[in-house]
Every structure is written in structure tokens, then in C-alpha cells.
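Hi,

Here is the structure I promised to pass on to you. Please have a look, and then read on for what turned up in it.

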Amino acid sequence: TMLKQICLLILSLSVGGASVVQLNDANVKSVLAASKFSFVNFYADWCHFSQALSPIIEEVGKKLKQEFPDDSQLIVGKVDCDREVNLAQSFKVNKYPTMKVFRFGQMQKREYRGQRSVEAISEFIKTQLADTVIRIEKSESEPTDAVPIPLEKDQGGIVGFFTSNNSTGFVEFSRVASMLRDDCKFISVVGIKGEPEKIVFQKGPDVGSRISLPKPGEDSLKEFVMSQCVPLVREITFQNAEELTEEGLPFFILFYPNDDSAIVDSFKSVVERHLSHHRRSVNFLTGQGAVFSHPLHHLGKTVSDLPVVAIDSFKHMYVFPHDVRDSLQSHPERFSDFVADLQSGKLHREFHHGPDPTTAASPQHVEVPPEQPGEKDHAPRTDQAKQQPPSHATSPPKSVFKNLSPSRNRYTILRDEL
């Protein structure tokens, strides 16, 4: 429409030509929404990490402006968080500098955490701008269901069937594919005729495995992708722990023996069948006990006690009070009760005031041994499994995984993050 063209013209005049756009409350929504991809540095002038990064971001902006002059493709922006306090809070900025990614104005859950150099940041942005949708042109004589879909056995993907690259469904599909490119494989088949457009989840080359999108629309498609492609249970490592802690959800974690894949499969099955409705409030994770021996020690456990299930609320850690193998096999409802007790405050209450009168078994009380002189406040990566667990308990151990949140060697942390 004419009004839309006028608005875009005004926007281009206000930000066009700037290699790095200064964002504020007045322009942030319009600037970010008008661009396919935005890379935004949230900073504070007094923060020495921000001071070191500032000239790098400026150089990135200048370099990429030459390669991608169209603001509708790329915006490199910055936010002065001291001046734009409300803006920083709305984007959940709790450390400086924070480099966030936006697609069509929507903030992505994964921040940029890589090397802070012109080359590394520029390469990251260019990689993110690349189209990852696999495009297939269907011939007129080819039946729609006969089009070969490039998925390996047991590999899942979202497949869209469209009349053309200009259809409303295809445009929505492309936007969602861009936003969720890290979570799923997207394939478009263009050229169908005489039948309605459709979007399905397909696992492997088998057409019979298809699950159809329940209702059209961008929001519905995003929800569909998340439910089909993002694992309900994820493996935690030292490499992804920082990202997982910043999601802000308590950890419900199975510590398992390294060679016991069966217990992991059993845990995943129980979570999918009995706990999936909690996925928005709890992060279900598995972790190798030998790797995370320090959290086990804080729970009064060693690798010889595996498997162990615990909840880390980022304030305290709570040990599942029942036998894990028996519960997985015969009493899966115990895990549901464990989550419910966290959410009702019962776990915390019982640690301080003893078991509720009607409680048959409550989470184990653990006394945390004092840190030794010179011991750092973090989860060491060395094997401490041989340490003896404490013999009695008084209060819940403090969160260990919270210490795997962003390092103060790279960020100025504003406050406790979780």
C-alpha cells in the first residue's frame, strides 16, 4: 500500500547509510521488523568489555554495509543500555556486552557467544544470512506424494508443498524457516496444482510418517516446528551449559553412567509420556555423571550411585528421593510428583521445615562440605568422583549449574541472572 511505502521510505532515510544503527525506544520495533536479520550489541559505556568491543562492532558494520547495503536484508545495531533502560530490560539484558540476534524483529533464543573479532562476527552474520531452505521444483507430471524428500533415515524435517514462491503460505514458511533454522531442517516443494497447499513433519523418506500442520498461520507453524523438531530431553555438556542456564528454566536432570544408553532411553520415554506438559517450565536434561561429578558431590553422591535424578532450581539442588531405575520402570508418576513439588514450593519448604505430615518420602537432605581455601566458585571439569559424600544433611545444597552461566572474564554481570 501507499502508506506502507511511505513508512519504509521514512525508515530508510532515518537509518539508511548508517553502518551501525543506534537503536532506542522510538525506532527499535520498526527498524528490526523491517529487516530479515539484525545483529544488535547491547552495551554500557562504563563497561570495559563493552569499550573493547565497540570499535569491533563499528568495523563489522562498515564491512558488511558494503556487502549488504539493503537494510531489509541486514541491520547491525547497538543499544546504549544506560540510556535505554526499559529497552534493555525488555530484551532481558543482564550482562554487558550482550550480542543478540533478531529475525524479522523477533529475538532469537541463541545469542552470539563466539570470538569477539571483526572476522569472527562478520563470518557469523554472513552464515546466518544464507538461505538454508532446501528448494525442490515439482514437475507437472509428478504426483505430489512421489516427490523424493531429501531426509536420511530417522532424520526429521518440515516439508511445505506450495503452488508458487509468491503464495502466502510459502512466505510464512520461509519466515519461520529463517527464525527456527537452528532447530529443524526445512524443505519446500513448489509447483503443486489442483490441490491445497500443506505443511507436514516427515521423518526419513517414508511418506507414511507425515504429521500435518493442524492449522495454518505463522504462529501455529512455529509451535508445530518446536513440538516436532526440538528434543524434549537434551544432553547437557560444558559447551552448551551457559546457553541452557540462560533459558532460565530449572533443570530436571538425569545423571547417568557413561555406558548406559538404556537408562537414557527409558528416561526420555517417561518424560515424553508423563512430563511433556511441563516443557515450558522445566528443562529436561541428561548428563554424563563422570563429567558432572562436582554437582554429584554437592548432592552427596558419587558415580557409584548413578543413575541419579535431581532438580536444580538455580537456587538449590534437590535429589529425587526414590530409586531411579524402579521409578522409571514401575512408578513414572513419582517424577510428575517431583516436578509438582518443585512448582508448589514443597521441595524448598520441606528442606527447611521437615517433611509435610502426609509425605512418605521427601527429597534427601544434604550437607554441603565447605569449600577448601583457594577453591574456585565454579563446577570444575576434573573428575572428583572419588570424593566421599557427606554422611548427614541439614539444608539443600546451592545450585552448581548456576555457576556455569556467563563468565565474569567475558562479561560485566549486572545481577544474579536466575
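Cys-47 has its closest cysteine sulfur in Cys-81, at 9.9 Å, which is too far for a bond. A disulfide here is a pair of cysteine sulfur atoms within 2.5 Å. Cys-81, likewise, is in no disulfide. Cys-47 is buried, with a relative accessible area of 1%, and Cys-81 is buried too, at 3%. (Buried means under 20% relative accessible area, exposed over 50%, and partly exposed in between, with a 1.4 Å probe and protein chains only.)

Before you go further, please keep in mind that this is a predicted model, in which local features need pLDDT of at least 70, side-chain atom pairs count only at pLDDT 80 or more, and totals for chains, interfaces and linings use all residues. Residues are numbered from 1 along each chain as its sequence is written, and side-chain values use heavy atoms, leaving out hydrogens and water.

So which cysteines are joined by a disulfide? The search of the whole structure found one disulfide, and it joins Cys-184 to Cys-229, with an S to S distance of 2.0 Å. Cys-184 sits in the loop between helix 6 (168-179) and strand 9 (186-190), while Cys-229 belongs to helix 7 (residues 218-229), so the pair ties together parts that are 45 residues apart in sequence. (Helices, H or I with at least four residues, and strands, E with at least two, are DSSP runs numbered from the N terminus.) The link of Cys-184 and Cys-229 is left-handed, with -45° about the S-S bond. Cys-184 is buried at 13% relative accessible area, and Cys-229 is buried at 15%.

Helix 6 and helix 7 also pack against each other, at an angle of about 40° and with their axes 10 Å apart. (Axes are lines fitted to C-alpha atoms, for helices over the stretch in contact, and angles run from 0 to 180 degrees between N-to-C directions.) That makes helix 6 oblique to helix 7; angles under 35 degrees count as roughly parallel, over 145 as roughly antiparallel, 65 to 115 as roughly perpendicular and the rest as oblique. The contact (heavy atoms within 4.5 Å) is made by residues including Phe-173, Val-176 and Met-179 of helix 6 and Leu-221 and Val-225 of helix 7.

Helix 9 (residues 261-275) and helix 12 (residues 333-344) pack at about 65°, with axes 10 Å apart, which makes helix 9 roughly perpendicular to helix 12. Their contact involves Val-270, His-274 and Leu-275 of helix 9 with Phe-335, Ser-336 and Val-339 of helix 12.

Best wishes
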